[in-house]
Amino acid sequence: MSAAQTVQQSFSSEVKTRTFEVNERQLSLDRLVRRIGKVGLLFNPIFSFFFLWAPILVLVIFSFNDSRSVATFSGFTLRWYLNIFSGAVGAGDNFSTALLLDSLRNSLVIGVIATLISSVIGTMVSLALSRSDFPGKRVLDAVLYLPVVIPEITQGVSLAVFFNAIFGWWNMTTGQRVSMGLETVIIGHVAFTISFVAVVVRARLADMNPKLEEAARDLGANEWRTFWAITFPLALPGIIAGALLAFTLSLDDFLVTFFTSGAGTNTLPVFVYGLLRLTVTPEINAISTIMILASTLLIGISLALQGRNAVRG
Amino acid sequence: MTPDVELRQVVKEFSAAGKSKRAGYQVRAVDNVNLQIAQGEFFAMLGPSGCGKTTTLRMIAGFETPTSGEIYIRGKAVHDIPPFHRPVNTVFQDYALFPHMTVIQNVMFGLRMEGVPRQEAQRRAEEALDMVKLSHAAARRPNQLSGGQQQRVALARALVKRPSVLLLDEPLGALDLKLRKEMQAELKTMQQRVGITFIFVTHDQEEAMSMANRIAVMHEGHVLQVGTARDIYERPVNRFVADFIGETNFFVGNLVEKRDKVGVVKLADGATFEASLPLDASSVSEGKVTVALRPERIGIFPPGEEDDMPREVPLNVLEGVLYEMDYIGTDTRYTVEIAGTTLVVREQNVDYEDNYDFRLGQTVKIFFPAVSATILQE
């Protein structure tokens with residue numbers, strides 16, 4: 001059949017079109033379902049926020065409660081906050097301002113040093129993972145995130161066993177006695193915060209246009225100068241965000257610290273735990289509230305830095 | 001004179017992603033490419049995506065190393081030379097401007113890396129920005145500029161280095177049509193002014209034809225044809241080139257006789273006509289061939305009007321059935337069936353009204369001179 005004949009045939013053939021009828025009942029039912037859905041969606045976030053924040057809110061409220069009891073709220077006071085810093089003992093023999101400040105100092109020293117080390121290592125790891133190819137890369141990639149998901153208690157116990165084994169061997173070969181302390185806590189914190197830094201920095205690097213580095217090399221910069229002129233400044237918000245996250249995690253950490261600190265090295269969370277063993281006092285509520293505030297601030301800055309765009313050129 | 005850029009039997013293989021890596025499975029992105037690009041030439045590499053044009057460009061820039069073959073820039077083999085030591089600069093597809101630097105800092109970057117003192121770098125960067133008419137935007141950040149302005153900064157940043165060769169990787173791809181036309185003209189003028197060799201990668205055949213002195217048409221890693229826009233349009237070497245550049249009719253027939261520059265082709269229905277042999281006449285032999293014929297080179301007449309046909313040149317006349325006719329403003333497109341193949345004929349609408357009265361299903365006559373048709377190997 002020639003094409004011209006096909007054209008003529010298609011004109012003569014009858015064309016059927018689809019029609020439709022409106023079912024009013026079905027239509028109003030659909031509208032009702034949609035309305036219920038809308039209300040449900042509205043309550044969803046409210047409910048989950050309540051679930052997340054109610055216990056914390058209770059703690060914050062009772063840190064201002066003018067009574068030792070947590071059963072009733074009998075008026076607003078800043079007494080407990082003042083107590084913490086004035087050394088007034090409200091929580092028995094375990095509490096003193098000197099001990100509190102001592103543990104806070106430990107927390108800060110551990111946090112700062114661990115954060116510095118894990119930021120450098122974490123950044124280097126994420127650079128290697130996103131910019132180069134080497135045997136075992138996929139394995140490292142998978143293993144790197146393990147500390148984020150495995151139970152922290154496992155990490156704490158394994159670190160304790162590891163240090164004991166090393167120190168035992170050291171004692172046997174050299175005769176010197178070494179025990180756990182600030183240094184082991186720092187190593188422990190570095191071990192579990194590297195992953196978090198790496199995750200955040202890697203997200204930043206993945207967002208970065210790799211052509212920028214090529215452009216720098218094209219314009220005469222060798223690899224070293226390309227890194228410092230292009231890669232590093234562009235990854236910096238990610239590195240800072242990762243570092244803040246690591247710092248917050250280190251400050252708040254209890255389990256790893258507990259297992260790696262040995263005797264006499266208290267950090268703030270370990271100190272608070274020590275107080276809790278006796279009784280929940282309003283001072284603990286006050287300390288916790290301050291810690292929540294500090295953590296929230298740090299995480300907020302970290303998130304703000306991660307959200308900063310303009311990475312793509 | 002030695003060519004500015006020369007590629008000799010360049011091959012680039014990538015290992016395919018995933019499992020097949022273990023089996024040693026390789027993909028040839030660029031397959032035995034030979035090119036010679038003269039100094040001061042505006043050279044375009046044209047082809048569909050995945051044809052190897054960008055990989056070829058990246059090998060010249062130094063971002064990829066050829067699997068085998070050699071690349072020479074100004075007569076020097078550049079195999080071991082990293083990108084930052086090559087006298088070549090690139091304008092990237094998405095410009096790749098440094099987002100954390102101002103426009104002037106972007107332009108100065110390359111000079112500073114060369115060790116040019118700050119003041120001189122600043123002066124030269126300002127000159128370069130002046131050349132692309134962006135002096136007023138020197139203190140701005142790239143994300144405060146429009147696409148066209150970013151494109152100009154990228155150009156200034158590359159040209160300020162005074163490279164021997166400027167590489168452009170689809171530099172106009174992200175711009176809208178109007179701006180693209182403007183930038184095409186501007187790039188062409190700029191190339192003539194600075195006299196630097198431009199190597200330009202594009203998938204847009206019109207862009208390549210309007211800007212380049214010479215075009216290399218690439219497909220599946222091969223360079224199929226290198227020549228001027230006219231060569232490539234009028235005398236494509238094979239079916240792919242003819243099809244990729246502009247609109248083309250193909251019909252299959254038998255080459256029954258080869259003469260000096262023309263051959264006689266016999267169609268399935270027994271009709272014969274003359275068509276030109278390709279530039280390399282030995283590439284076709286008698287037997288089954290494809291004939292490429294541009295729609296605008298064909299004339300069409302309804303029956304009884306043959307007397308109007310021009311008589312100055314010998315013409316091929318064939319008979320067919322008209323089964324579609326579309327008015328598209330500047331032209332009218334006629335679809336005609338001849339010996340089992342459909343042919344598009346495009347006639348310019350020079351008058352307000354049609355000259356002839358065509359009806360669908362009618363037997364019509366089409367005509368074309370032998371020079372307008374090219375015989376290609378099937």
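1. Ile199(B) is in contact with Val5(B), Ile37(B), Phe43(B), Met45(B), Leu57(B), Ile60(B), Val165(B) and Leu167(B), leaving aside its neighbours within four places in sequence. Contact here denotes C-beta atoms, placed from the backbone, that lie within 7 Å.

2. The model is predicted: local features need pLDDT of at least 70, side-chain atom pairs count only at pLDDT 80 or more, and totals for chains, interfaces and linings use all residues. Residues are numbered from 1 along each chain as its sequence is written, while chains are lettered from A and ligands numbered from 1 in the order in which they are written.

3. Chain B has a mean pLDDT (the predictor's confidence in each residue, from 0 to 100) of 89, and 97% of its residues reach 70 or more. For the complex, the predictor gives an ipTM of 0.84 and a pTM of 0.80.

4. Ile199(B) is also among the residues with the most contacts inside the largest nonpolar core, which has 144 residues. Such a core is a set of buried Ala, Val, Leu, Ile, Met, Phe, Trp, Tyr and Cys residues joined through C-beta atoms within 7 Å; buried means that 20 or more other C-beta atoms lie within 10 Å of the residue's own, with C-beta atoms placed from the backbone.

5. Pairing requires at least two DSSP bridges between two strands.

6. Strands S1 (residues 5–15) and S4 (residues 68–73) of chain B are joined by 5 bridges. Arg8(B) stands opposite Glu70(B) in S4(B).

Note on methods
Helices (H or I, at least four residues) and strands (E, at least two) are DSSP runs, numbered from the N terminus. A residue is buried if 20 or more other C-beta atoms lie within 10 Å of its own, exposed if 12 or fewer, and partly exposed in between; C-beta atoms are placed from the backbone. Two residues are in contact if their C-beta atoms, placed from the backbone, lie within 7 Å.
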